[in-house]
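Student: I would like to learn how to read the features of a protein model, one at a time. Could you give me the general idea in each instance and then turn to the case at hand?

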Amino acid sequence: MIAEETLVRELKQKETQAKAFEVLINTYKERLYWHIRRIVLDHDDADDVLQNTFIKVFRNIDKFKGDSKLYSWMYRIGTNEALSFLKSKSRKLGVSSDELIERKADNLQADVYFEGDAIQLKLQQAIARLPEKQKLVFNMKYYEEMKYEEIAEILDTSVGGLKASYHLATKKIEAFLKSD
């Protein structure tokens, strides 16, 4: 694994940029894909958003100042791209972003790329019904096992607020899973 500072330096230099970008993609594509996929729920949409994310990273690498970790910066871009994608898609369909996600969650069984059992399906449906911030925090903490400090850096918010959001999210998920 290449050191992050070295990778950033190589990404910013024209002569090493192409190779460094290939390393960047190979290093982060899977983690970013699953982060985005948990937001948009659909494989094809996640692929599109991931591609847009890497394009933005490539175009804006010169603006990366190193105040945060590279992957935190990329996760922020990926998160914003996914949320923008959902807003745009929901506008086209004439529904709210929340309604769009609930529909997608209810149709997950029909998704050939969904590999979960009935419990996973129910969990995804519960997560889909969370408010946006709680959903993001829950996914990053539960699935990606990120520390609150990392999530705070990505979402540009306080650790205390994140802990409260995660607590509320888990309570809502528990209640949803107990219903029916």
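Predicted model: local features only at pLDDT ≥ 70, side-chain atom pairs only at ≥ 80, totals over all residues.

Student: Into which domains is the protein chain divided, and how far apart do their C-alpha centres lie?

Tutor: The assignment divides the protein chain into domain 1, residues 1–96, and domain 2, residues 116–180. The C-alpha centres of domain 1 and domain 2 lie 21 Å apart, and 13 residues of domain 1 are in contact with 13 residues of domain 2.

Student: How is the packing of two helices described, and what are the values for H1 and H2?

Tutor: Two packed helices are described by the angle between their axes together with the distance between those axes. Here helix H1, residues 4–12, packs against helix H2, residues 14–40, at an angle of about 130°, and their axes are 6 Å apart. That angle makes H1 oblique to H2, and H1 passes H2 in a left-handed crossing.

Student: Which residues of H1 and H2 make the contact?

Tutor: On the H1 side the contact is made by Glu-4, Leu-7, Glu-10, Leu-11 and Lys-12, while H2 contributes Lys-14, Thr-16, Gln-17, Ala-20, Phe-21, Val-23, Leu-24 and Tyr-28. Sorted by class, the contact of H1 with H2 has seven nonpolar, two polar and four charged residues.

Student: At what angle do the axes of H4 and H5 cross?

Tutor: The axes of helix H4, residues 70–93, and helix H5, residues 97–106, cross at roughly 90° and come within 8 Å. H4 is therefore roughly perpendicular to H5. The residues in contact are Leu-86, Lys-87, Lys-89, Ser-90 and Leu-93 of H4, with Ser-97, Leu-100, Ile-101 and Lys-104 of H5; by class, this contact of H4 with H5 has four nonpolar, two polar and three charged residues.

Student: Let us turn to backbone angles. What is phi of Leu-41, and is this residue buried or exposed?

Tutor: Most residues other than glycine have a negative phi. Leu-41, in the loop between H2 and helix H3, residues 43–60, has a phi near 70°, a positive value in a residue other than glycine. Leu-41 counts as buried because its relative accessibility is 6%, which is under the 20% cut-off.

Student: Where is Glu-145 found, and is Glu-145 buried or exposed?

Tutor: Glu-145 is found in the loop between helix H7, residues 132–143, and helix H8, residues 148–155. Phi of Glu-145 is near 50°, again a positive value in a residue other than glycine. With a relative accessible area of 66%, Glu-145 is exposed, the cut-off for that word being over 50%.

Student: What does Glu-153 touch, leaving out residues up to four places away in sequence?

Tutor: Glu-153 lies in helix H8 and, once residues up to four places away in sequence are set aside, touches Ser-68, Lys-69, Ser-72 and Arg-76. Separation along the chain and separation in space can be read together here: Glu-153 and Tyr-71 are 82 residues apart in sequence and 10 Å apart in space, C-alpha to C-alpha. Glu-153 is partly exposed, since its relative accessible area is 29%.

Student: Is Gln-125 buried or exposed, and what does Gln-125 touch?

Tutor: Gln-125, which lies in helix H6, residues 118–128, is buried, with a relative accessible area of 14%. Not counting residues up to four places away in sequence, Gln-125 touches Ala-105, Asp-106 and Phe-176.

Conventions
Residues numbered from 1 in each chain as written. Heavy atoms only, no water. Axes fitted to C-alpha atoms, helices over the stretch in contact; angles between N-to-C directions. Helix = DSSP H or I, 4+ residues; strand = E, 2+ residues; numbered from the N terminus. Parallel < 35°, antiparallel > 145°, perpendicular 65-115°, else oblique. Left-handed = near helix turned anticlockwise from the far one by under 90°. Contact = heavy atoms within 4.5 Å. Nonpolar A, V, L, I, M, F, W, Y, C, P; charged D, E, K, R; others polar. Buried < 20%, exposed > 50% of the residue type's maximum accessible area, 1.4 Å probe, protein only. Domains from an automatic or database assignment.
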